[in-house]
Structures are given as structure tokens and as C-alpha cells.
Amino acid sequence: AARGRLLHALFERLPATRPEDRRRGAFAWLQQSAGVTDAALRTWLVDSALTIIEAPEHAELFSPAALAEAPIAATLPDGTVVAGTVDRLLVTDEVVRVVDFKTGRQVPRGPEAIPPGHRRQMQAYGRALQVIFPRHRIDLALLYTEAPLMLSVPLEDLTGATHMGATPNQEQPTS
């Protein structure tokens, strides 16, 4: 869990840093602010974060146009309230893209193997974003950092979605 919190913190901080300063800044932050004394762990965390942030296929996700740790809240047509914080949110004129980071060591082999809890979390975010951005296409994905592997959560999963086990009128996904 601590490893995951540190990776999340790096994903939040590093994109705003100039690429040439990221590695040095990440090491300094981990040692001085986060108190990571193990040099091997610091190296692993920095390498893992930078591999993902600097991958060309993730450029838009970590661009200045994307928001980190963006709060969302909406009341669905059935009265259910969905509130949560998404790890990355990118809104364009036509598309809203949400990516949630999963930092555990278990990585699904494909979209069909996404754990039900992760799927429900993304469904709740997608349903909320359909209310907030009714004219936009909603793209949902999970980024499993251990692999790293980005898996889409198809919009079809949202159609006919049932109440997801939350207290009536309140769903609160967690990151």
C-alpha cells in the first residue's frame, strides 16, 4: 500500500516538472519529503513512474491538459450520488478520458479479467461523467503500473449497469 501511495504521488507531481528535471526531483522528493531511506526502493519507484509518464502512448494523459487527482460528483437519474477522485482526467471537445492507477502486484491478463471491484469503480465514474458531460464520449481505462498495462473498460459495461452495492442513493468510489 505504501508503495502504491508513493507511485500515485509521483504520478501527480512529476508531469508538471520539466522532463530533464524529473529524475533528480523525484529522488529528492522521495528521500526528503516522503522519507524513503531505501535507495533501491527509491530507484525502483522513480524508474517505474518515469517509464509510464514518459511513454509516448501516455503523453496526452500526462500532458498539462490532463488533471491529476480530479474530484468528480454527480447525481445519477435514479437519484444515486457518485462521488470520488479520479487519478487522471482529460477533457477535450468531444471526449472525456479517465484513467485510474492500480499499483498492486496482481495484473489482469486482459479486460475480461479486471477484478469486479475495479470494474464497478470505473462504471461508477463513467456513469457520473455521462451526467456531467452528456455530449462527450466517455473513455475509461485502468493503468496497472506493475506491468505496466493499460486496460480499457468498455462503455458497454455501463449500459444496463445495476446498482453497485452502495448504500441507496450514494456511491463513493475510491482511488
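At what angle do the axes of α2 and α3 cross, and within what distance do they come? In this predicted model, local features need a pLDDT of at least 70 and side-chain atom pairs count only at pLDDT 80 or more, whereas totals for chains, interfaces and linings use all residues. Residues are numbered from 1 along each chain as its sequence is written, and side-chain values use heavy atoms, with hydrogens and water left out.

The axes of α2 and α3 come within 10 Å and cross at roughly 140 degrees, where axes are lines fitted to C-alpha atoms, for helices over the stretch in contact, and angles run from 0 to 180 degrees between N-to-C directions. That angle makes α2 oblique to α3, since angles under 35 degrees count as roughly parallel, over 145 as roughly antiparallel, 65 to 115 as roughly perpendicular and the rest as oblique. The crossing of α2 past α3 is right-handed; a crossing is left-handed if the near helix is turned anticlockwise from the far one by less than a right angle, and right-handed if clockwise. In contact terms (heavy atoms within 4.5 Å), Arg 22, Arg 23, Ala 26, Phe 27, Leu 30 and Gln 31 of α2 meet a set of α3 residues that includes Arg 42, Leu 45, Val 46, Leu 50 and Ile 53.

The protein chain as a whole comprises four helices and five strands, which are DSSP runs numbered from the N terminus (helices H or I, at least four residues; strands E, at least two). From the N terminus on, these elements run α-α-α-β-β-β-α-β-β. Of its 175 residues, 43% count as buried, a term that means under 20% relative accessible area, with exposed meaning over 50% and partly exposed in between (1.4 Å probe, protein chains only). Among contacts between residues at least 6 apart in sequence, 65% join residues at least 24 apart.

A search of the whole structure finds three aromatic pairs, defined for rings of Phe, Tyr and Trp (its six-membered ring) with centres within 6.5 Å, where planes under 30 degrees apart count as stacked, over 60 as edge-to-face and the rest as tilted. One of these is the tilted pair of Phe 11 and Phe 62, at 5.9 Å centre to centre and 35 degrees between the planes. Because Phe 11 lies in helix α1 (residues 2-13) and Phe 62 in the loop between α3 (39-53) and β1 (67-75), this pair ties together parts that are 51 residues apart in sequence. Phe 11 is buried at 1% relative accessibility, and Phe 62 is buried at 5%. The rings of Phe 11 and Phe 101 have their centres 4.5 Å apart and their planes at 40 degrees, so that pair is also tilted. With Phe 101 in strand β3 (residues 95-102), the pair ties helix α1 to a part 90 residues apart in sequence. Phe 101 is likewise buried, at 3%, and Phe 11, Phe 62 and Phe 101 form one aromatic cluster.

Ala 66 is also found in the loop between α3 and β1, and it counts as buried at 9% relative accessibility. Not counting residues up to four places away in sequence, Ala 66 touches Glu 60, Leu 61, Arg 88, Leu 89 and Leu 90. Ala 66 and Pro 15 are 51 residues apart in sequence and 9.6 Å apart in space, C-alpha to C-alpha.
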